[in-house]
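Here is a short briefing for a first look at this structure. Keep the sequence and the 3D view open as you read.

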Amino acid sequence: MSITVRTHSAEQTRRLGATLAQVLQPGDIIWLRGDLGAGKTTLAQGIARGLGVNEPVLSPTFTLIREHRGRLPFFHADAYRLEGAEQAADLGLQEYFERGGVFAIEWAEHIADALPEERLEVLLEGGADEHRLITLTAYGERYKQRWKQLEETLASAGFRDNR
């Protein structure tokens, strides 16, 4: 179950994130995938905006996990420098998951063994300019049950499937 949309600017990518946030619930886990510079942090900024976070959302590259307050807690992690479940466990990921916020993880594939299989995965593809092809894929019943709501929310915001 997936949908692919195009964005043409960083602000439009943030707007996609804010739109996505409308359907997010406590405990949701979002894998943000893509090459360096693909826009993972930009999308996370939009998710934070949609969750009502009013403080700057910066890349968590050096802090590994940043926590923000909004209508739901927003946890933003970067697993780029991590290798495997043991290092992920050292961060206390399970405790974050149990706190009931929305968790967006850049480079989640680096610690896949430490993460729940149910997730919303977002793959960002694009080059040096700001045009992005963004594919959202649901894994597990938790996300499949809300898929129609996600599609309708994206469509009402002007994001159409571009496969």
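**Charge over rings**

Arg119 lies over the face of Trp31, 3.9 Å from the ring centre. The charged end of Arg119 also sits over the ring of Tyr139, at 4.0 Å from the centre of that ring. Bear in mind that this is a predicted model.

- Strands of a sheet pair through backbone hydrogen bonds, in either a parallel or an antiparallel way.
- Strand 1 pairs with strand 7 (residues 132-139) in the antiparallel sense.
- Six bridges join strand 1 and strand 7.
- Arg6 has Leu133, in strand 7, as its bridge partner.

**Aromatic pairs**

- The structure holds five aromatic pairs.
- One of them is formed by Phe75 and Tyr96.
- This pair is edge-to-face, with 70 degrees between the planes.
- The ring centres of Phe75 and Tyr96 are 5.1 Å apart.
- The pair links distant parts of the chain, as Phe75 and Tyr96 are 21 residues apart.
- Phe75 belongs to strand 4 (residues 74-78), while Tyr96 belongs to helix 4 (residues 93-98).
- Phe75 counts as buried because its relative accessibility is 1%, under the 20% cut-off.
- Tyr96 has 19% relative accessibility, also under 20%, so Tyr96 counts as buried too.
- Ring pairs link Phe75 and Tyr96 with Phe97 and Phe103 into a cluster.

- Thr153 is found in helix 6, which covers residues 147-156.
- Is Thr153 buried or exposed?
- Thr153 has 12% relative accessibility, which is under 20%, so Thr153 counts as buried.
- Which residues does Thr153 touch, not counting those up to four places away in sequence?
- With those left out, Thr153 touches Thr19, Gln22 and Val23.

Key: Residues numbered from 1 in each chain as written. Predicted model: local features only at pLDDT ≥ 70, side-chain atom pairs only at ≥ 80, totals over all residues. Heavy atoms only, no water. Helix = DSSP H or I, 4+ residues; strand = E, 2+ residues; numbered from the N terminus. Buried < 20%, exposed > 50% of the residue type's maximum accessible area, 1.4 Å probe, protein only. Contact = heavy atoms within 4.5 Å. Phe/Tyr/Trp six-rings, centres within 6.5 Å; stacked < 30°, edge-to-face > 60°. Lys NZ or Arg CZ within 6 Å of the ring centre and 35° of its normal. Pairing = 2+ DSSP bridges.
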